[in-house]
Amino acid sequence: MSETVVGFHEHEAQPEHHAPAPPPRGWHRLTAPGWLRVPWTMALFFGIGAGLVVLVRWAEGWHPIWDGAVLTTVSLATVPIGFLVGLGGFDYWWRYASGKPTVPEDHSGHGAYSWRDYFRINTDHKVIGIQYLVTTIVFFVIAGLLAMFMRAELAQPGMQFVDNQTFNGLFSVHAALMIFLFVIPAFAGIGNYVIPLMIGAPDMAFPRLNALSYWLLPIAGIMMLSSFLVPGGPLAAGWTNYAPLSVHQPLGNVFFAMGVQWAGASSIMTALNFLVTIITMRAPGMTFWRMPLLVWANFTTSLLVVIATPFIAGSQFFVMFDHIMHTHFFDPAAGGYPLGYQHIFWFYSHPAVYIMMLPGFGIASEVISVMARKPIFGYRLMALSLMAILVLGFSVWAHHMFVAGMAPWLRVPMMVTSMVIAVPTGIKVFSWLATLWEGRIHFETPMLFALGFVSMFVIGGLSGIYLAAVPIDIHTSDTYFVVAHIHYVLFGGSLFTIFAGIYFWFPKMTGRMYNEKLGKLHFWLTFVGFNLTFFPMHWLGLQGMPRRVADYVPKFADLNLFISIASFGLGASTIVFVYNMVVSWRFGPPAPPNPWRSLTLEWQVSSPPPVFNFDEVPQVVGNPYEYGVPGARHGVFNGDRVHEPEEAPVS
Amino acid sequence: MALLVPWLPDPASEQANRIDFVFWFVTTICIAIFALVAAVIVYSLLKFRARADDDSDGPPTHGHTGLEIWWTAIPAALVTAISIVSAVVLAKNEQLPNAASASAARGAQTSTQTMCRPRSEDPLKPLVVCVIAQQFAWLFQYPAYNNATSATLRLPIDTTVQLQLQSKDVIHSFWVPEFGQKQDAVPGLLTKLVITPNRLGTFPVICTELCGLGHAVMRSQTTVESKDKFLAWANARGKATGGGGPSPAAKTFFVDNGCDGCHTFKPAGANGTVGPDLDNLSEAAQKAGQPLQEFIRQSIVDPNAYVAPGYPKGVMPETFSSLPKQQLDALVQYLAGGSQ
């Protein structure tokens, strides 16, 4: 991996460069930020949390003073802080806040020169982007394996391999990991790597915050996974964690409630970072109407994250308080209101669907335009429809609650807004189709995944219309129809675009080409396996199979067996992907700076880019998608000779 | 081709017929849209494919305002049409007979009614059934028939029924696929659902909201029968429940409280597998080191005090501690008798 990073000399050329401090020796290694400091800071913070609990309980005379459930809950907050302190996440701020002289920035936290640099607090957005992607793919594989266990149990009616508690844990943790540890952060990872390059910035606006927001992620993932080891079993009330069921769960449920806090904090920090970066750090000439659509998509997504995520944090805190502190937010016997949970939860979790979708729209726009060799059709309307989805996305949450017993009058207005949100989404789909029309289409792997996304997402979007229509939703809600719908949206939509993005920017990130044949094989296995697995679920749901069941009536046995077999094939396709990525990263042929002949800025520098991205600040002179316009340029560097510096017409 | 697949179960209620209509209305529109998208993609795939060595670009088309207006306006019109059809069907599906009390009905819907009660003098206009959901069983109660109770839902054909749903513990959801109608039962709320069965037969009742470990087996069934048959059954059942008559067998308590949803107990014909088998209670009492009757009573009112090995804690609801003493005594006797 060391040869994947070139351009250390640019780093040296930075005028404010200071020689990095010599590595610590002897016992200083235990006090310097790093993995040797982690164990004792974690123990220290566990002690602080436990001491606080014991002190309060002793002072109040609550027995037993040493209460395992309370200690565990508090530790889920304090021990990760100890971990971050040990790793060095707060060193700079601590010196600053306590009035000590700050250490001059020597940029030693930047870049990666060996694999070890991926396992420390690293402030380079490109390193963080790769940290994000590798971590999320690890959790993707784990969550996928959980789904395989689930399908094994569901291959036949009755109980074969696992008990009810474990089965409920399987689908709950599967969903929690896929949503909070894969789809959302995988897009954050791609954005982290690509956005600063695309807008001509040397890094993100807040590199230390960026590093911290990454390291919250493994904490959240390990917390959710380790709930399997908690006495009483894992979180088992679904990722939706509806109260009051979730309040009466074993302790494993708290691991979800706290895990969501860490994952949520991570995504809020990243979103703020994206917003400030996109607003303040664009290269000269990069107006909002010249930003690539991926930048637009991350801009709108970040707004969604910042506004919506605190709501799920609140809802999980309420559940945890009811659980541990015996409050009564959702206990009707004491004046609580169970539907209140659902309103707060979905006020985040519906916008979360767009958090998991809009960056995918951005990736699809980049890939389709470059590989069809045509400007994106209706660029401004594409950007505006993102903003429309952002606004409308906050007005549709109660369509998850048509049968929940909420105020009856709320249903028709929520149906209308849910229907209306199909219009901007439709605009995007039709614009991608029009971009393909008369193009010179190259079917490399990213393009296959982008087109697979468009066709599968249309199915997911159309089944969304069924679910928005109240009478049909009354029949289909909480059935396998919904399972099919969300997988067409999140697998056919989000996952396909994540794959498209990973293949598309793989040469940029690693400096090497992936294996095209294996990429295509991966696509076709995934595409076929995906449809065979999830399409029959529509029928199962309509016929009467409820979701989240370990056992079902014998008349659905044949189709479930078929689905299980297909899903194992789908799972196996991931092996091709992981193999291709690992082997190509190590041994792939070196990648040219711009293998796709793209106009956007990240392709105008070497692969991988220099440590500070651009040796000189680019000047943006035109739109990002001017394919077919003779001599058109998006960005120029001082040394370049521009043939025809024409301003291309704007659609 | 998708039009030929029997997507929905054979409807057995007027509401399901209307839902079917909306379903096929939406399906026709969606198939047209999907066909259009798929056709464009496949055509582009074949027609505009570039050779690997082709470095040329496509024509620099940036957009077309007319086209963009059309593909905003047509989907907007289609979703408006779907919304209108859906709203009309929704209103019809919640209509109750007894036009005179229509305004009262509207009043009742917005009022905070918390107790299940009949709506009018005529017990069949509409027939009110109280649905009591708990982990992991359904109980159906007929307030107009002396609060007759049943573990399965029996309904007269061609009669509008209003279900009034309550939950004793967590959120459950009542669904009969053939009726098309579904409604959550929420603790602390009284939710309502209207069904007009129009086909004789027996259909499954399914819980669709994850309600705990026994969620998958929280099933019951509903039987739609002729009006005469239903009335005969309801009247007889009502008399049996009412004061003065012989008190119903403990077996009824066992079934009414949903014990059979989770437990196997041969005398009651129960074969649930979520909780421990109740046919070997004396053995279990020995293991717990308690006298049989005391053991059974404690296991009902305080289920977490002793949990049979191999079963997780906290699955058996604690709600049974509120059973009337007389019922509890009968149940303890009944269960103790079955294992001797």
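Helices (H or I, at least four residues) and strands (E, at least two) are DSSP runs, numbered from the N terminus. The model is predicted: local features need pLDDT of at least 70, side-chain atom pairs count only at pLDDT 80 or more, and totals for chains, interfaces and linings use all residues. Residues are numbered from 1 along each chain as its sequence is written, while chains are lettered from A and ligands numbered from 1 in the order in which they are written.

**View 1. The interface of chain A with chain B.** Here 80 residues of chain A are in contact with 73 residues of chain B. Contact means that the C-beta atoms of two residues, placed from the backbone, lie within 7 Å. Eight named helices of chain A give two or more residues each to this side: helix 6 (164-198), helix 10 (338-355), helix 12 (379-392), helix 13 (411-420), helix 14 (422-436), helix 15 (445-468), helix 16 (470-476) and helix 18 (516-543). Helix 14 of chain A gives the most, with nine residues. By residue class, the side of chain A that touches chain B holds 52 nonpolar, 20 polar and eight charged residues. Nonpolar covers Ala, Val, Leu, Ile, Met, Phe, Trp, Tyr, Cys and Pro; charged covers Asp, Glu, Lys and Arg; the others, Gly among them, are polar.

**View 2. Domain 2 against domain 3 in chain A.** Chain A is assigned domain 1 (27-102), domain 2 (126-356) and domain 3 (374-589). These bounds come from an automatic or database domain assignment. The C-alpha centres of domain 2 and domain 3 of chain A lie 18 Å apart. Across this boundary, 41 residues of domain 2 of chain A are in contact with 41 residues of domain 3 of chain A. On the domain 2 side, helix 5 (125-154), helix 6, helix 9 (293-325) and helix 10 of chain A each supply at least two residues. Helix 5 of chain A has the largest share, ten residues. The domain 2 side divides into 31 nonpolar, eight polar and two charged residues.

**View 3. The open sheet of chain B.** Five strands form this sheet in the order 4-10-9-6-7, with mixed pairing. Strands pair if DSSP finds at least two bridges between them. Strand 4 and strand 7 (182-185) of chain B are the edge strands, each pairing on one side only. From one strand to the next, the twist averages 25°. Axes for such angles are lines fitted to C-alpha atoms, for helices over the stretch in contact, and angles run from 0 to 180 degrees between N-to-C directions.

**View 4. Strand 10 of chain B and its two partners.** Strand 4 (residues 153-156) of chain B runs parallel to strand 10 of chain B, and four bridges join them. B:Leu155 has B:Val224 as its bridge partner, and B:Pro156 stands opposite B:Glu225. Strand 9 (residues 201-207) of chain B pairs with strand 10 of chain B in the antiparallel sense over six bridges. There, B:Pro204 is the bridge partner of B:Gln221. Strand 10 (residues 219-225) of chain B has a covered face of B:Ser220, B:Thr222 and B:Val224. Its uncovered face carries B:Arg219, B:Gln221, B:Thr223 and B:Glu225.

**View 5. Backbone exceptions in the loops.** Most residues other than glycine have a negative phi, and most peptide bonds are trans. The peptide bond from A:Ala243 to A:Pro244 is cis, with omega near 5°. A:Pro244 is in the loop between helix 7 (207-226) and helix 8 (252-280) of chain A. A:Pro608 belongs to the loop between helix 19 (557-587) and strand 1 (619-620) of chain A. A:His326 is not a glycine, yet its phi is positive, about 60°. A:His326 sits in the loop between helix 9 and helix 10 of chain A. A:His326 counts as exposed because it has 10 C-beta neighbours inside 10 Å. A residue is buried if 20 or more other C-beta atoms lie within 10 Å of its own, exposed if 12 or fewer, and partly exposed in between, with C-beta atoms placed from the backbone. B:Asn147 also has a positive phi, near 55°. B:Asn147 is in the loop between strand 2 (137-142) and strand 3 (148-150) of chain B. With 14 C-beta neighbours inside 10 Å, B:Asn147 is therefore partly exposed.

**View 6. The surroundings of B:Gly258.** B:Gly258 lies in the loop between helix 5 (250-256) and strand 11 (264-265) of chain B. B:Gly258 counts as buried because 26 C-beta neighbours fall inside 10 Å. Leaving aside neighbours within four places in sequence, B:Gly258 is in contact with B:Gln134, B:Phe136, B:Ala137 and B:Leu139.
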